[in-house]
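Colleague: Please take me closely through a single part of this model. Pick one spot, stay with it, and keep it brisk.

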Amino acid sequence: SQMPKRTELPYLDELFDLLDVARAGGYEGTLEEFKYDLLNRPEVIPFPKSMGPDFADGGLATLFRQRMML
């Protein structure tokens, strides 16, 4: 079962932190492109591999869903 696409972004300071991490991995897009990719194509963002679910495999999107839902 696929989760619906996110329509919300993290707080701006968190967004810039994530963009810094992505740029360290080689991401070259603008902030606007990054926001689009984060919401719609997280697999294209070169986040580092993690101890848990890999960011590129949806771990990051899952994290945002958990943080943004009250």
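**One residue and its surroundings**

Modeller: Of the contacts in the chain with a separation of 6 or more, 42% join residues 24 or more positions apart. Contact here means heavy atoms within 4.5 Å. This is a predicted model, where local features need pLDDT of at least 70, side-chain atom pairs count only at pLDDT 80 or more, and totals for chains, interfaces and linings use all residues. Residues are numbered from 1 along each chain as its sequence is written, and side-chain values use heavy atoms, with hydrogens and water left out.

A word on confidence. pLDDT is the predictor's confidence in each residue, from 0 to 100. The chain averages 75, and 60% of the residues score at least 70. Among its elements, helix 2 (residues 31–40) has the highest mean pLDDT, 92. Helix 3 (residues 59–68) has the lowest, 56. Where pLDDT is low, the predicted coordinates should not be read in detail.

Now the layout. The chain has 3 helices and 0 strands. Along the sequence the pattern is α-α-α. Both kinds of element are DSSP runs numbered from the N terminus: helices are H or I with at least four residues, strands E with at least two. Of the 70 residues, 30% are buried. Buried means under 20% relative accessible area, exposed means over 50%, and partly exposed lies in between (1.4 Å probe, protein chains only). The accessible surface of the chain is about 5100 Å², with 56% of it on carbon and sulfur atoms. That area comes from the Shrake-Rupley method with a 1.4 Å probe; for residues, only the protein chains shown count as cover.

The spot I picked is Ile45. Ile45 sits in the loop between helix 2 and helix 3. Its relative accessible area is 2%, so Ile45 is buried. Beyond four places in sequence, Ile45 contacts Ala22, Tyr27, Phe34, Asp37 and Leu38. Gly25 is 20 residues away along the chain, yet the C-alpha atoms of Ile45 and Gly25 are separated by 8.4 Å.

Ile45 also belongs to the largest nonpolar core. Such a core is a set of buried Ala, Val, Leu, Ile, Met, Phe, Trp, Tyr and Cys residues joined through side-chain atoms within 4.5 Å. Helix 1 supplies the largest share, 4 residues.

How do these two helices meet? Two packed helices are described by the angle between their axes and the distance between the axes. For helix 1 and helix 2, the axes come within 11 Å and cross at roughly 95°. The axes are lines fitted to C-alpha atoms, for helices over the stretch in contact, with angles from 0 to 180 degrees between N-to-C directions. Angles under 35 degrees count as roughly parallel, over 145 as roughly antiparallel, 65 to 115 as roughly perpendicular and the rest as oblique. Helix 1 and helix 2 are therefore roughly perpendicular. Helix 1 makes the contact with Leu15, Phe16, Leu18, Leu19, Ala22 and Arg23, and helix 2 with Leu31, Phe34, Lys35 and Leu38.

Asp37 lies in helix 2. Asp37 counts as buried because its relative accessibility is 6%.

Val44 is in the loop between helix 2 and helix 3. At 36% relative accessibility, Val44 is partly exposed. Outside four places in sequence, Val44 touches Tyr27 and Asp37. From Val44 to Ala22 is 22 residues in sequence and 10.0 Å in space, C-alpha to C-alpha.

Last, Arg23 of helix 1. Arg23 is partly exposed, at 40% relative accessible area. Leaving out residues up to four places away, Arg23 touches Gly29, Thr30 and Leu31. Arg23 and Phe47 are 24 residues apart in sequence, with 8.7 Å between their C-alpha atoms.
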